[in-house]
Amino acid sequence: MSSQTTNTPPHEQRMHPRWVLKSSVSVFDEKSKEYIGLLVDCSEQGVMISTYDALQPGTNLLLSLVDIPPNINGRRTGTCVAEVVWCDKLTPSLYGTGCRITGVSDMLHTMIKSYEHQHDVA
């Protein structure tokens with residue numbers, strides 16, 4: 001458990017470092033194939049997604065994350081189960097949505113590890 005107090009906002013109660021992405025990773029609903037948004041940052045246990053629609057905390061989603069890494073022909077797709085933990089309005093048309101992830105596919109685990117090695121820690 002986190003040693004932070006309950007007055008700390010949920011998106012600041014992290015147990016693992018998060019990595020800010022400098023490339024585009026698209027996020028889709030695995031079931032409907034509907035576009036949800038872009039991955040902003042990630043850690044081993046959570047993601048922040050920039051979305052056009054507010055997602056209610058407590059919502060569970062099956063996500064597909066798709067990237068096109070440099071020096072690799074083709075794209076990578078990883079999946080996970082995500083529970084929305086918080087959602088804040090960032091601009092008049094964008095929301096920041098923090099999710100706890102579980103059931104991470106092997107490919108998504110590989111993708112997250114590559115972000116750890118290529119990008120800055122937030």
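The model is predicted: local features need pLDDT of at least 70, side-chain atom pairs count only at pLDDT 80 or more, and totals for chains, interfaces and linings use all residues. Residues are numbered from 1 along each chain as its sequence is written, and side-chain values use heavy atoms, with hydrogens and water left out.

**Overall make-up**

- The protein has 1 helix and 7 strands. Helices (H or I, at least four residues) and strands (E, at least two) are DSSP runs, numbered from the N terminus.
- Read from the N terminus, the order of elements is β-β-β-β-β-β-β-α.
- The protein has 122 residues, and 35% of them count as buried. Buried means under 20% relative accessible area, exposed means over 50%, and partly exposed lies in between (1.4 Å probe, protein chains only).
- Take the contacts between residues at least 6 apart in sequence: 53% of them join residues at least 24 apart. A contact means heavy atoms within 4.5 Å.
- Accessible areas come from the Shrake-Rupley method with a 1.4 Å probe; for residues, only the protein chains shown count as cover.

**Strand β5 and its partners**

- Strand β5 spans residues 60-67 and is mostly covered, with 6 of its 8 residues buried.
- β5 pairs with strand β2 (residues 25-29) in the antiparallel sense, over 5 bridges. Two strands pair if DSSP finds at least two bridges between them.
- Valine 27 has leucine 65 in β5 as its bridge partner.
- β5 also pairs with strand β6 (residues 76-91), in the antiparallel sense and over 8 bridges.
- Asparagine 60 has glutamate 83 in β6 as its bridge partner.

**Aromatic residues and the nonpolar patch**

- The whole structure holds 1 aromatic pair. Phenylalanine 28 and tyrosine 35 form it edge-to-face, at 5.6 Å centre to centre and 70 degrees between the planes.
- Rings of Phe, Tyr and Trp (its six-membered ring) pair if their centres lie within 6.5 Å; planes under 30 degrees apart count as stacked, over 60 as edge-to-face and the rest as tilted.
- Phenylalanine 28 counts as partly exposed because its relative accessibility is 24%. Tyrosine 35 is partly exposed too, at 35%.
- Tyr35, Leu38 and Tyr52 make a nonpolar surface patch of about 310 Å². Patch residues have over 30% relative accessible area and no salt bridge; like charges are joined within 9 Å, nonpolar side chains (Val, Leu, Ile, Met, Phe, Trp, Tyr) within 5 Å. A salt bridge is a side-chain nitrogen of Lys or Arg within 4 Å of a carboxyl oxygen of Asp or Glu.
- Tyrosine 52 sits in the loop between β4 (46-51) and β5. Tyrosine 52 counts as exposed because its relative accessibility is 55%.
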